[in-house]
Amino acid sequence: MSKTSFDQMLGASSCKQLKAGDILVDSGDVPSKIYMLNKGVMRSFVRLESGKEVTKSLFLPITILASFDALLNESPSNSIYEALTDCDIYILEYFQFKALCESNIEILGFYAKFLETLICEKDKKHIELLTMGGKARYLNLRKMIPNIDNLIPQYQIAKYLSITPVQLSRIRAKL
């Protein structure tokens with residue numbers, strides 16, 4: 001994407017700072033915005049009726065995030081988006097972004113590429129959960145985010161991997 005197109009997107013955005021633990025989108029919110037994480041680490045998760053939290057995704061800088069199902073269907077979000085560290089984010093109204101896509105082919109191409117990447121990432125995580133053990137998933141996560149152990153607490157890593165903190169501790173001890 002050209003600098004002109006990127007600046008056009010940036011110009012339509014506002015900036016916000018979040019503290020660790022801040023909730024950006026809560027379960028039940030009907031979202032109208034998309035976000036780009038500029039600094040920090042965030043996660044999306046669902047809270048089960050039992051109160052247990054299941055982390056769906058971790059987000060690192062220069063990642064676009066939103067509760068896309070809720071956004072596209074104009075319905076309440078099932079997911080919660082939380083800052084795990086202090087974060088800087090850009091905020092853009094979704095329908096304003098869609099208008100930019102209609103008027104700028106580069107932004108539309110960027111959006112298409114982003115959606116393709118998102119589909120591939122979700123498919124990869126789904127396959128990992130179905131076919132790999134906790135140790136292999138942890139090692140893959142460390143390849144993707146080499147300093148993950150220094151960024152967020154162990155229990156958050158365990159939630160993302162769908163294992164218990166005790167299981168993660170045992171895996172780390174054997175490495």
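**Figure 1. Residues around the second largest pocket of the predicted model.** The second largest pocket is lined by 19 residues, among which Lys56, Ala66, Phe68, Asp69 and Tyr81 lie nearest its centre. A pocket here is an open set of points on a 1 Å grid over the protein atoms alone where a 1.4 Å probe fits, with protein on both sides within 12 Å along at least five of seven lines; lining residues have an atom within 4 Å of a point. At least two lining residues come from each of S5, S6, helix H2 (68–73) and H4. Helices (H or I, at least four residues) and strands (E, at least two) are DSSP runs numbered from the N terminus. By class, the lining has 9 nonpolar, 7 polar and 3 charged residues. Ala, Val, Leu, Ile, Met, Phe, Trp, Tyr, Cys and Pro count as nonpolar, Asp, Glu, Lys and Arg as charged, and the others, Gly among them, as polar. Residues are numbered from 1 along each chain as its sequence is written, and side-chain values use heavy atoms, with hydrogens and water left out. In this predicted model, local features need pLDDT of at least 70 and side-chain atom pairs count only at pLDDT 80 or more, whereas totals for chains, interfaces and linings use all residues.

**Figure 2. The largest pocket and the elements that line it.** This pocket has a volume of about 740 Å³. Of its 31 lining residues, Leu58, Phe59, Thr63, Leu118 and Glu121 lie nearest the centre. Helix H4 (105–131) contributes the most, with 12 residues. Other elements that each supply at least two residues include helix H1 (3–11), strand S5 (53–59) and strand S6 (63–65). The lining comprises 18 nonpolar, 5 polar and 8 charged residues.

**Figure 3. The crossing of helices H1 and H4.** The axes of H1 and H4, lines fitted to C-alpha atoms over the stretch in contact, come within 9 Å and cross at roughly 80°, where angles run from 0 to 180 degrees between N-to-C directions. The two helices are therefore roughly perpendicular (65 to 115 degrees) to each other. Ser5, Gln8 and Met9 of H1 meet Glu106, Ile107 and Phe110 of H4 in this contact (heavy atoms within 4.5 Å). These residues divide into 3 nonpolar, 2 polar and 1 charged.

**Figure 4. The open sheet S2-S7-S4-S5.** Its 4 strands pair in the antiparallel sense; two strands pair if DSSP finds at least two bridges between them. Strand S2 (23–25) and S5 stand at the edges with a single partner strand each, so one side of each has no neighbour in the sheet. Neighbouring strands are turned by 30° against each other on average, direction ignored. S2 is joined to strand S7 (residues 80–83) over 2 bridges, and valine 25 stands opposite tyrosine 81 in S7.

Figure 5. S1 and S8 pair over 5 bridges, with cysteine 15 opposite tyrosine 90 in S8. Strand S3 (residues 33–39) pairs with strand S8 (residues 87–93) over 6 bridges and with S6 over 3 bridges. Tyrosine 35 stands opposite isoleucine 91 in S8 and opposite leucine 65 in S6.

Notes:
Grid points are joined across faces, edges and corners, and a volume is the space filled by probe spheres set on the points. Angles under 35 degrees count as roughly parallel, over 145 as roughly antiparallel, 65 to 115 as roughly perpendicular and the rest as oblique.
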